[in-house]
Amino acid sequence: MSDADERSTPLVDEAMKKAAVAWVGVPGGPAYALWCVPLEGALFVVSGPGEQPAPGLADATRAEVTLRGDHGGRIVTWPADVTRLAPGTEHWETIAPLVAAKRLNAPGPAADLVARWAAEGCALNRLAPAGDPASGTALPTGSLAESPRGATVVRATRKPFRLHRVRRR
């Protein structure tokens with residue numbers, strides 16, 4: 001049994017098994033909703049060019065992970081040790097194809113996706129439980145919603161669609 005397994009709890013283990021999305025925050029930054037793959041008692045997350053943005057996660061050693069339950073609400077938040085897998089290592093060669101196989105809407109076969117991740121410098125991170133989780137009454141009771149982040153995107157306003165021309169008398 002690994003050290004990470006000893007720090008996990010049945011609630012965290014069960015929530016991780018069912019997780020497709022996790023809210024991951026690094027110290028000093030907001031939490032981001034990230035797709036994830038549960039394997040080996042941890043969550044694996046890919047970020048970088050052509051993948052989901054996760055500012056600060058690629059270089060982080062610690063993070064806070066929040067998972068939701070079947071009802072859609074938060075059920076557990078736990079501290080995680082973050083380990084970045086390096087391309088070419090045995091762990092990368094084992095895990096990256098499994099994560100790529102679970103990637104929805106992947107452009108091409110899993111082997112090509114893994115090769116692209118390695119070539120473009122994408123980060124494949126392992127998030128392993130590393131402390132006591134907060135659940136039940138230990139979770140915050142108020143809203144944790146943040147105001148929307150600023151964006152440089154501007155949408156042009158379109159004229160309303162008309163099915164036919166309205167005649168005026």
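**Helix H3 and the chain around it**

Modeller: Let's start with the cover: in this predicted model, the buried residues of H3 are covered by parts that include strands E2 (31-35), E3 (37-39), E4 (42-47), E6 (74-85) and E7 (123-129), plus helix H4 (110-120).

Biologist: What makes you call residues of H3 buried?

Modeller: Buried means under 20% relative accessible area. In H3, residues 90-102, that label goes to Trp-92, Ile-95, Ala-96, Val-99 and Ala-100, so each of these has under 20%.

Biologist: And how much of the chain is buried?

Modeller: Buried residues are 34% of the 169.

Biologist: How do you know what order the elements come in?

Modeller: Strands and helices are DSSP runs numbered from the N terminus. Read that way, the chain goes α-α-β-β-β-β-β-β-α-α-β-β, with four helices and eight strands in total.

Biologist: What share of the contacts joins residues 24 or more positions apart?

Modeller: A contact needs heavy atoms within 4.5 Å. Among contacts with a separation of 6 or more, 63% are between residues 24 or more positions apart.

Biologist: How many side chains count as positive and how many as negative?

Modeller: Counting Lys and Arg against Asp and Glu, you get 20 positive and 17 negative, with the centres of the two sets 25 Å apart.

Methods:
Residues are numbered from 1 along each chain as its sequence is written. This is a predicted model: local features need pLDDT of at least 70, side-chain atom pairs count only at pLDDT 80 or more; totals for chains, interfaces and linings use all residues. Side-chain values use heavy atoms; hydrogens and water are left out. Buried means under 20% relative accessible area, exposed over 50%, partly exposed in between (1.4 Å probe, protein chains only). Helices (H or I, at least four residues) and strands (E, at least two) are DSSP runs, numbered from the N terminus. The place of a charge is taken as NZ of Lys, CZ of Arg, CG of Asp or CD of Glu.
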